[in-house]
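Here's a quick briefing to read alongside the structure. Have a look at the fold first, then work through the notes below.

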Amino acid sequence: MKIMRAMPKLMMAGEGTRLNVLGDHQCIKLTGKDTDNQYTLIEQTNEPGTGIPRHVHTREDEVFHVLEGAVEFEVDAEVKTLQAGELAYVPRGTTHSFRVVGTTKAKVLLSVFPAGLEDMFQELAQLTAGPPDFAVVAEICGRYGITFV
């Protein structure tokens, strides 16, 4: 039986590591260091139009829990707009994308199992401002087992 070495953690609203990952505004709440590499927890708060193109993870499962606003998800061939209280479960190997829709910001709680993707987000957040060089983005993501389709 594995014994976790993680320590309890209480966080107040607004606490966490804030990143702008190619326009995706994130507040990383829990990292692999916090959870013994079990999962990562990220709060995303984005304007309408913000989204991530179709891609596939080979290492992680994701759960997107919409807390505020509306987010359109494409998971495999299914497209649905999720509202506050609804969620999308995206197991590794599943093609998916999302885009904030409507006229208000969306807040989404993203859980990633296992942890580690926060390292990729840190790298992407370091890229220079302006339109991203897709080849560079794809290379970084590829090192973490993510491909765009």
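At the start of α3, a side-chain oxygen of D133 comes to within 3.0 Å of the backbone nitrogen of A135. Keep in mind that this is a predicted model, where local features need pLDDT of at least 70 and side-chain atom pairs count only at pLDDT 80 or more, while totals for chains, interfaces and linings use all residues. Residues are numbered from 1 along each chain as its sequence is written, and side-chain values use heavy atoms, with hydrogens and water left out.

**Helix α3**
- Helices here are DSSP runs of H or I with at least four residues, strands are E runs of at least two, and numbering goes from the N terminus.
- After α3 comes G145, with a positive phi near 80 degrees.

**The sheet**
- Six strands make an open, antiparallel sheet in the order β1-β2-β3-β10-β5-β8; two strands pair if DSSP finds at least two bridges between them.
- At the edges sit β1 (17-21) and β8 (87-90), each pairing on one side only.
- Helix α2 (residues 117-125) lies across β1, β2, β3, β5 and β10, at about 60 degrees to β1. Axes are lines fitted to C-alpha atoms, for helices over the stretch in contact, and angles run from 0 to 180 degrees between N-to-C directions.

**Salt bridges**
- Counting a side-chain nitrogen of Lys or Arg within 4 Å of a carboxyl oxygen of Asp or Glu, there are nine salt bridges.
- E74 and R54 meet at 2.6 Å, N to O; E74 lies in β6 and R54 in β4, so the pair ties together parts 20 residues apart in sequence.
- D61 and R92 form a salt bridge at 3.1 Å, N to O, linking β5 to the loop between β8 and β9, 31 residues apart.
- D61 is buried at 16% relative accessible area.
- E123, E139 and R143 are linked in a network of salt bridges.

Key: Contact means heavy atoms within 4.5 Å. A polar contact is a pair of N or O atoms within 3.5 Å; within protein, one must be able to donate a hydrogen and the other to accept it, and residues adjacent in sequence count only if both atoms are side-chain atoms. Buried means under 20% relative accessible area, exposed over 50%, partly exposed in between (1.4 Å probe, protein chains only).
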